[in-house]
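Subject: Structure handover

Hello,

I am passing this structure on to you. My notes on what was found follow it.

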Amino acid sequence: MQAIRKFFTEFDAKKTIRITNVRILSQIFFFSLFIISIWLTWTTRLGGYPVSRILEFNPLVMIATILSTHHVYRYLGWGLLIIGVTLLFGRVFCNWICPYGSLHQFVGWLFNVGSGKQRIDSNRYHNLYFFKYAILIVFLILASMGALQIGLLDPICLMYRTFATVVTPAADMGITIAGNGLTSAGLPLDLTGLKFKPGVDDRIFVGSFWVGLMIMTLVGANIVIPRFFCRVLCPLGALLGVISRFSLFRINRDVHKCTDCNLCLTRCEGAADPMGQVRLSECFSCMNCIDDCPEDALSFSMVRLDTKQVVAAPDMSRRKLLFASVTGVLAYPMIKNHGTNTDLTFSRDLIRPPGSVEEDDFLAKCIKCDQCINACPTNVLQPASFKEGGIEAVWTPVLNFNIAHCQLKCTMCSEVCPTGAIKKITVEEKLGKGAFEKDGPIRLGTAFFDRGRCLPHAMDIPCVVCEEVCPTSPKAIQTKDEEAKDVYGNVVVLNKPFMVPDLCIGCGICEAECPIKDERAVYVTAVGESRSIERRMLLQERTVKDA
Amino acid sequence: MSKKEKPIQHPEYVKAPMERRQFFGKIAAAAGIASVAGYASFAPGNWPGSLKDETGLLSKPRHKPFQIPDFRVQKPTGVFADVGVARGSRQADGTYSSEQLARMLTASIDQVGGIKHYIKNGDIVLIKPNVAFDRSPNLGATSNPEILETLIRMVLEAGAQEVRVADNPIESPPDCFKKSKIEYATLKGGGRVYLPDSNSFKMLHTPGARLIENWWFFHRPFLNVDKVIGFSPVKDHNLCHASMGMKNWYGLLGGTRNQFHQDIHNIVSDLSIMIRPTLTIVDGTNVLMINGPTGGDPSNVKKGDVIMAGTDPVALDSWAFEHVLERDKNDMPTYLTLAQEKHASSPLKGEIRYEMNYEGRVKEVQLG
Amino acid sequence: MAPSPKKKKKEKVFNDRDRKIFRKRISKGEAVFGVCFVAFTVLMGVWFALQRDNYDPGERDVSDRVLEAQSVEDKLYRTPLLRWTDPSVAHAGGVAAPDFGVFPAAAFAPGWAPSAPPQTFDDKTLYEKIDGQEVQYKAYGFKSLSFLAIAITGGSEEINIELYDMGEFQNALGIFSVQRGADRNVEANGDVFSYMTDAGGIGMVDKYYFKLTGNDSSEAILAQSRHFIQNFPANIQKSGGAPYAFSLLVGKLGYAFQDVEYVKEDAFSYSFCNDFWFARSKTVEEMRVFIHQQDGPENATALFQKIVDEQLNEFSEVSRDGNSIVLKHEFLNTFFGLAQSGAFLYGVEGAPDDATLAGAMKPVKEMLDAEAAPAAGTKPAAEAKPEA
């Protein structure tokens with residue numbers, strides 16, 4: 001009551017609508033947009049919502065994919081918008097838009113209980129902060145040679161990946177537990193609609209612990225160094241930092257008014273030294289310093305700028321620049337010659353989602369945002385570990401048929417992919433129907449039988465779940481039917497399954513449904529995938545001989 | 001004391017000896033904690049309040065099984081048919097008019113007593129279609145959405161307060177419900193869709209079942225349900241020859257159900273005693289003749305133009321096997337025989353017959 | 001407890017500082033920008049929400065029209081079901097399985113194997129095997145002959161096995177009755193009727209009539225013949241078994257197999273009397289009991305009347321009691337009894353006197369009344385008449 005009265009009596013429109021409040025509003029808006037995008041990325045909700053747009057506005061993704069593919073895929077050109085905004089206002093992206101930045105700022109604000117003096121000290125520039133530029137240079141050089149690794153640290157990719165594989169499963173698990181608790185307490189409320197991924201079993205992601213550990217560490221680091229990730233590691237921030245030296249608007253300090261009280265450092269997000277020479281590449285344009293200046297010495301403006309009290313360029317000496325460049329150039333052959341993902345030797349588990357381009361091209365496009373994994377309705381898409389694609393393909397999407405299968409008429413992953421690593425396909429294209437009849441269906445791999453583990457083949461026990469669920473017509477799994485007398489003297493009919501590789505599309509439902517759960521008696525391997533001639537298996541498909 | 005005391009520099013270092021009361025308090029607290037903890041951990045397991053677990057079995061997770069009631073309804077007096085069959089023709093373009101479907105459905109149910117006899121005012125009705133795969137409706141792999149919509153309308157008109165539609169498909173549930181148009185048909189008809197997720201399964205106890213005496217069951221849609229109607233297509237099935245009204249209930253099982261194919265006939269016949277539906281409706285309009293149960297090509301489908309409804313799923317399946325799927329009587333799936341036997345020995349058998357022999361129990365009507 | 005010397009500083013979990021604002025000047029530009037920005041976010045949110053239906057549903061499914069246009073008929077070759085065979089017979093120790101033709105392997109004792117490939121003859125080729133006798137077989141509805149010669153390993157004994165498929169039980173019985181030596185005692189074992197000869201055996205089961213002819217009267221040949229008779233019937237496909245009237249006479253009324261006769265046409269020399277079963281009395285010479293089954297009671301009544309009308313030319317009526325009648329031959333002085341029970345006609349011919357006739361009629365009447373009466377109008381049992 002009192003608070004409401006206080007609000008009305010002390011309401012000051014100007015104070016309320018001041019720039020720092022508008023900034024918070026913007027952060028809330030974009031963070032919500034991000035959460036809503038994640039929430040909408042689901043087969044029953046997707047519709048035409050642009051759920052990957054935040055990724056597609058990412059200028060680092062745009063520039064890095066241009067370097068690696070020399071083309072601009074679908075909506076990636078929108079990255080220019082952020083570049084334009086940066087040229088106008090500096091790194092506003094970092095403190096106004098970036099959901100990862102907002103998360104860091106929020107955590108830092110919530111837990112930073114230090115005294116004013118401690119805070120001022122923690123927000124001074126530290127020469128460690130150059131490191132993000134080195135990372136950027138290494139990544140961009142790698143990208144220009146064809147190895148796209150920006151996704152490892154790009155904040156938007158990192159955020160999407162974390163939500164896809166860690167946060168949404170955890171939230172859904174919580175709702176499941178709450179729902180089961182309510183049901184057993186006699187309150188059968190249906191909480192399904194609240195879930196990120198309703199209507200399916202709770203999902204699991206192989207190796208997601210490491211994704212979770214990464215974000216826990218990076219968020220936790222805020223307690224030691226505020227906005228550690230943004231200041232030290234963020235390659236997108238570095239890119240925008242390089243651009244923002246040309247920005248029209250910037251923080252300007254009026255030396256005549258300034259009393260060198262250093263209060264402006266209390267809440268400086270970027271450690272941009274507003275009390276001295278403002279570091280343009282570091283400033284997030286959070287505007288906190290303006291609020292904190294008792295002398296009104298600070299302003300965000302484009303006129304009457306003091307050109308002396310400014311450090312425009314990033315803190316990169318030519319020595320560091322050279323070192324980073326050499327690292328980038330050397331990293332490429334190190335990654336490629338590691339030899340875990342070439343056409344000569346590749347993992348049989350490296351099965352890419354339908355619509356994926358050839359592996360070299362795929363690695364030049366995939367930004368590991370795992371939005372495809374977020375969209376996958378069956379949980380078959382998993383972030384790769386070192387095992388499937390080697391060091392280069394960590395956290396790229398692969399199919400794990402132990403968990404589920406690739407749904408026949410689903411192209412969700414291809415629709416949400418921002419970079420075209422999984423190019424947008426239609427169901428007709430996936431199934432090789434309509435205009436795509438000539439190309440045939442998209443094959444993800446080929447299924448094989450392990451007859452030593454197959455129940456009818458090895459143990460005289462009837463089964464053939466694999467044949468039952470095989471979705472092609474005619475079925476790619478056929479059976480040789482025979483009677484046998486088992487050791488107990490029962491005559492049983494055994495439908496012994498075998499593959500017709502010409503018909504197999506590698507969807508993996510046979511493997512997913514095989515009851516030999518640890519090492520399946522039928523399993524799909526990557527060979528025979530239609531995206532690559534190098535990894536093809538059959539020279540040509542056999543046809544029915546007319547009698 | 002003449003000796004001059006030194007001023008105390010640090011007041012926090014002043015000695016404060018423990019008082020007697022404080023000492024005894026601490027002793028008492030320690031003794032109390034020790035005795036309660038000691039009792040809980042060492043007293044025999046059957047003493048009240050003891051946590052003792054001598055064998056290690058007490059802490060084993062247990063799932064308290066529940067049972068579902070018998071949903072069957074006695075036929076009205078004077079009605080003798082256990083299976084009603086309605087045949088009707090299509091329009092010139094190969095589709096049915098919605099009136100024709102409604103007429104066929106009504107006619108088939110009327111032969112066994114009419115929907116008003118089975119659905120009472122205020123009932124909560126669960127309809128279980130077959131939505132196992134994400135095929136288009138005309139491919140015969142899933143239940144016909146148009147008939148489902150008609151059925152939901154009919155059940156609501158008969159006075160039901162709520163109609164639920166539920167299945168646990170083999171493929172991704174949201175996609176299967178969407179692509180098979182079952183979700184659309186349900187919402188259009190006025191029903192509610194229940195998708196299976198981790199919240200939805202509970203241990204079901206089925207007395208007399210061979211393989212699923214206790215098994216995970218899709219229980220959420222069954223909360224407070226009064227009547228259950230099975231609604232399935234007729235499909236070819238390599239392993240058990242045919243998937244019709246009884247095999248449809250497979251879609252309510254959870255857990256590692258892919259093991260059941262090792263004894264498919266026993267599991268399907270177990271299903272017939274696991275759930276005793278009010279009505280079983282089998283749709284023979286698009287019959288999947290080969291490549292079942294997934295299908296996928298229109299050439300696999302035969303236009304059957306028949307809808308069946310019955311109180312005896314065994315007779316219904318036998319009839320459909322011979323007359324809709326057009327198979328030889330001698331190849332009749334073993335699960336039908338087993339279902340008949342299991343029902344006969346079940347304590348819940350009641351007066352409604354579950355018999356393969358459908359002679360004289362099927363009533364057919366031919367509509368225009 | 002002693003009070004702590006100094007109140008402990010409260011530990012902060014969260015930052016509890018207010019967002020202070022030290023500056024004095026807030027420019028009007030900020031307010032303008034703020035309002036513009038709020039408008040911008042609202043527009044953006046609206047735009048986002050409007051994208052809901054901005055997609056082509058056709059891309060997310062494949063239409064029935066396309067499927068129909070590209071439908072391919074399934075022409076894959078599928079291996080037929082491989083039946084289980086006993087590997088000890090089929091592949092004993094790597095030796096090729098003996099070819100017994102249509103005969104079940106279980107009918108042969110160990111040591112016996114075919115000495116020539118099995119042969120099959122139908123009504124057009126039957127003369128190749130039994131030239132001259134085929135007329136007799138064909139008269140009884142012969143269908144096919146399966147012939148197999150078997151020999152014992154390491155011995156000189158051989159058996160020729162002839163298996164005649166006569167189409168139905170009555171035919172097999174007919175040919176068996178004709179070929180049977182009159183003095184032979186037939187053993188009945190379930191539905192198998194057979195007797196042993198000096199070097200083999202002859203018998204019938206269901207629609208099959210079989211003859212085993214050995215080249216010697218050795219114990220080995222007789223043992224194999226007995227083995228065949230015991231094991232062969234259990235392993236063949238049966239067509240329906242004996243007709244009801246036959247099982248009634250042999251099984252229930254205790255007439256000997258060799259005394260039972262089937263008359264397919266022209267019983268009592270009447271062209272309308274077909275399908276009659278006769279059984280000779282063991283005690284009274286020349287007396288025979290007969291049974292006939294009609295399609296229904298009405299037809300039975302009609303036939304009853306027809307027979308009585310014709311018989312009255314030679315017989316005179318002695319007594320009549322509802323649907324049973326006793327007649328006496330005008331010259332031979334034998335008695336003839338005829339009665340109807342449901343769909344059945346039965347009676348006795350050639351009885352020396354009234355009492356004997358009544359004595360012979362009584363058990364038949366009891367049997368038929370007991371079994372047929374409750375189901376009057378229908379056949380007494382489903383297996384009463386084998387399918388033709």
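In chain A of this predicted model, A:Pro59, A:Val61 and A:Met62 of helix α5(A) meet A:Gly79, A:Ile82 and A:Ile83 of helix α6(A). Contact here is taken between residues whose C-beta atoms, placed from the backbone, lie within 7 Å. By class, this contact holds 5 nonpolar residues, 1 polar residue and no charged ones. Ala, Val, Leu, Ile, Met, Phe, Trp, Tyr, Cys and Pro count as nonpolar, Asp, Glu, Lys and Arg as charged, and the others, Gly among them, as polar. Helix α5 covers residues 59-69 of chain A and helix α6 residues 79-89 of chain A; their axes come within 7 Å and cross at roughly 120 degrees. Axes are lines fitted to C-alpha atoms, for helices over the stretch in contact, with angles running from 0 to 180 degrees between N-to-C directions. α5(A) and α6(A) are therefore oblique to each other; angles under 35 degrees count as roughly parallel, over 145 as roughly antiparallel, 65 to 115 as roughly perpendicular and the rest as oblique. The crossing of α5(A) and α6(A) is left-handed, a term used if the near helix is turned anticlockwise from the far one by less than a right angle, with right-handed used if clockwise.

On conventions, this is a predicted model in which local features need pLDDT of at least 70 and side-chain atom pairs count only at pLDDT 80 or more, while totals for chains, interfaces and linings use all residues. Residues are numbered from 1 along each chain as its sequence is written, and chains are lettered from A and ligands numbered from 1 in the order in which they are written. Helices (H or I, at least four residues) and strands (E, at least two) are DSSP runs, numbered from the N terminus.

Between the chains, 38 residues of chain C are in contact with 45 residues of chain A. On the side of chain C that touches chain A, α1 (28-50) and α2 (64-69) of chain C each supply at least two residues. α1(C) gives the most to that side, with 8 residues. By class, the side of chain C that touches chain A has 17 nonpolar, 7 polar and 14 charged residues.

What does α1(C) meet in α3(A)? C:Glu30, C:Phe33, C:Gly34, C:Phe37, C:Val38, C:Thr41 and C:Phe48 of α1(C) meet A:Ile19, A:Val22, A:Leu25, A:Ser26, A:Phe29 and A:Leu33 of α3(A). The residues of this contact divide into 9 nonpolar, 3 polar and 1 charged. The axes of helix α3 (residues 19-40) of chain A and α1(C) come within 9 Å and cross at roughly 10 degrees, which makes α3(A) roughly parallel to α1(C).

Chain B

Helix α4 (residues 145-157) of chain B and helix α6 (residues 182-189) of chain B have axes that come within 8 Å and cross at roughly 25 degrees. α4(B) and α6(B) are therefore roughly parallel to each other, and α4(B) passes α6(B) in a right-handed crossing. The residues of their contact divide into 6 nonpolar, 2 polar and 4 charged.

Towards chain C, 13 residues of chain B are in contact with 11 residues of chain C. The side of chain B that touches chain C has 4 nonpolar, 6 polar and 3 charged residues.

Chain C

The assignment for chain C gives domain 1 (99-235) and domain 2 (244-375). Their centres, taken over C-alpha atoms, are separated by 34 Å. 8 residues of domain 1 of chain C are in contact with 6 residues of domain 2 of chain C. Helix α6 (residues 169-179) of chain C provides the largest share of the domain 1 side, 4 residues.

Chain C also has an open sheet of 7 strands in the order β11-β12-β13-β17-β16-β15-β14, with antiparallel pairing. Two strands pair if DSSP finds at least two bridges between them. β11 (260-263) and β14 (315-321) of chain C stand at the edges with a single partner strand each, so one side of each is left without a neighbour in the sheet.

Regards

How values were computed: Contact = placed C-beta atoms within 7 Å. Domains from an automatic or database assignment.
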